[in-house]
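Okay, thanks for coming, everyone.

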Amino acid sequence: MTEEIIISQLDPHEAQQSVLDNAGRFNVLRNGRRWGKSALGVSLAMDTMLDGFPVGAFFPTFDFAEEFWEELKERLDPIISYKSESKHIIRLITGGSIKIWSLEKARAGRGKKYKRVIVDEGAFAKDLKESWTKAIRPTLTDMVGDAWFLSTPNGTLNYFYELDKFSESPKHSNWRSFHMPSYTNPYLSKEELEEIRSQIDELTWLQEFMAEYVNFAGKPFAYSFSETKHVGSLGPPLISLPLDLSFDFNVDPITCTVQQHDEEKSWIKVYKEFRLTNSDIYQLCDAIIAEYGDNYYFRVTGDASGNNRSAMVGDNLNYYKIIIKKLKLEDQLFVPAANPLHRNSRVLTNSLFSRHTDLIIDEEGCPFLIADLKFVECNESGEIDKKKDKYKGHLIDCLRYYFNSWHSDFLRKYNEASD
């Protein structure tokens with residue numbers, strides 16, 4: 001008696017089915033968050049593996065592949081004949097297989113043969129053009145395989161954007177492009193999407209949920225900052241509330257911003273900047289003490305690298321050990337294990353400036369910060385561009401570290417809407 005094995009497969013929603021019905025040999029899918037891109041990628045891989053063919057799946061880094069890998073293992077578990085966690089390989093009793101590749105590796109996939117290739121989050125891959133033309137595309141030759149490029153957009157200065165335009169040319173008749181905003185997923189609540197939209201700035205909404213191409217290069221990093229709306233004259237900080245210090249340990253200048261918010265976070269005040277040139281952490285702490293003395297309860301966050309051994313200043317002390325000692329802190333350190341990505345900081349910073357109802361920066365206490373917010377631009381990767389002027393942008397770093405430590409919950413709904 002033959003034992004029946006049941007494998008759980010995707011039941012595509014209407015928009016996913018439309019993509020599958022109109023696919024060509026080479027397909028570029030530009031989608032919004034929560035559309036179901038990852039689920040579609042898993043389904044495409046499973047179809048080919050169940051038919052007994054090899055699949056190559058390519059991601060910007062292995063971190064991007066984690067959910068894809070785990071779901072494949074779970075769905076295919078009853079028919080897996082071989083699995084390697086270290087090599088990211090699965091082989092099935094059908095003869096089908098998959099190998100997960102990181103595009104961090106130069107010419108990943110070179111020399112392999114695949115029936116289907118899936119490139120997930122291709123807009124975030126470095127050197128995708130070289131990887132595709134010199135390594136991945138040749139893997140499809142022997143079996144006349146197909147390819148799927150799946151990604152939320154990431155501006156126009158990447159090869160995913162170029163690939164998306166191929167279908168417009170007659171010489172690329174075997175290419176198809178699909179544009180699927182988040183709302184084309186019929187299972188997503190329209191009310192939920194509108195709530196997310198009310199939290200984030202408009203450019204983030206257009207890129208992440210409408211799947212539009214938004215080019216951040218050359219735009220101010222804090223493009224939602226308005227001098228009219230966000231700059232004012234503040235009195236001294238309230239002694240009844242903690243005073244949040246956020247540090248950046250650039251060699252020159254060394255910087256710190258001083259902020260405060262109420263318990264409900266209904267208001268955010270940025271009172272003062274410290275920007276010392278040709279100085280050090282000891283003098284910066286002395287300046288803070290001279291300004292605020294023992295009147296305030298300090299909480300400290302900032303550049304996570306200040307905890308590293310590479311940040312040793314002397315006497316076996318790193319920056320934060322010196323800050324603790326100089327400011328007489330006990331349990332008031334709130335430094336994350338790693339710094340937030342510039343991309344995530346850009347979204348949080350601009351969403352707060354765009355949507356928070358009471359965020360004010362003191363015009364007398366923060367002149368350099370205000371100038372940075374007005375003029376410091378994004379580079380081609382959407383990060384703070386410090387190459388144009390190495391002395392600028394560090395106060396924005398202080399501010400984004402503060403936002404990350406104390407106000408990341410402002411984007412709770414947005415952060416939950418990953419795909």
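Let's start with strand 10, residues 243–248: six of its six residues are buried, so the rest of the structure largely encloses this strand. By buried I mean under 20% relative accessible area, with exposed being over 50% and partly exposed in between, using a 1.4 Å probe and protein chains only. Strands here are DSSP runs of E with at least two residues, helices are runs of H or I with at least four, and both are numbered from the N terminus.

Quick housekeeping. This is a predicted model, where local features need pLDDT of at least 70 and side-chain atom pairs count only at pLDDT 80 or more, while totals for chains, interfaces and linings use all residues. Residues are numbered from 1 along each chain as its sequence is written, and side-chain values use heavy atoms, with hydrogens and water left out.

Back to strand 10. Which way do its side chains point? Leu-243, Leu-245 and Phe-247 go one way, Asp-244, Ser-246 and Asp-248 go the other, and all are buried.

Now its partners. Strands count as paired if DSSP finds at least two bridges between them. Strand 10 pairs with strand 13, residues 298–302, in the parallel sense over five bridges, and on that side Phe-247 stands opposite Gly-302. With strand 11, residues 254–261, strand 10 pairs in the antiparallel sense, also over five bridges, and there Phe-247 faces Cys-256. Strands 10 and 11 make a hairpin, with five residues between them.

Zooming out, these strands belong to an open, mixed sheet of six, in the order 9-14-12-11-10-13. Strand 9 (231–232) and strand 13 are the edges; each has a single partner strand, so one side of each has no neighbour in the sheet. Further in, strand 11 and strand 12 pair antiparallel over eight bridges, with Gln-259 opposite Val-270 in strand 12.

What packs on this sheet? Helix 9, residues 281–292, touches strands 10, 11, 12 and 13, and its direction makes about 135 degrees with that of strand 12. Helix 12 also packs on the sheet, touching strands 9, 11, 12 and 14, at about 100 degrees to strand 12. Contact here means heavy atoms within 4.5 Å. The angles run from 0 to 180 degrees between N-to-C directions, with axes fitted to C-alpha atoms, for helices over the stretch in contact.

Next, the nonpolar cores, meaning sets of buried Ala, Val, Leu, Ile, Met, Phe, Trp, Tyr and Cys residues joined through side-chain atoms within 4.5 Å. The largest one has 38 residues, and Phe-353, Ile-361 and Leu-373 have the most contacts inside it. Elements giving two or more residues include helix 6 (190–199), strand 12 (268–276) and strand 14 (359–362). Helix 13 gives the most, with six residues. Ile-361 touches, among others, Phe-225, Val-270, Phe-353 and Leu-373, leaving aside residues up to four places away in sequence. Apart from this core there's another one of 31 residues, and Cys-256, Ile-288, Phe-298 and Tyr-320 are among them.

On to a helix pair: the axes of helix 11 and helix 13 come within 10 Å and cross at roughly 80 degrees. Helices 11 and 13 are therefore roughly perpendicular; the labels are roughly parallel under 35 degrees, roughly antiparallel over 145, roughly perpendicular from 65 to 115, and oblique for the rest. Residues meeting there include Leu-352 and Phe-353 in helix 11, and Leu-399 and Phe-403 in helix 13.

Last stop, Ile-6, in the segment before helix 1 (14–21). Is Ile-6 buried or exposed? Exposed, with a relative accessible area of 68%.
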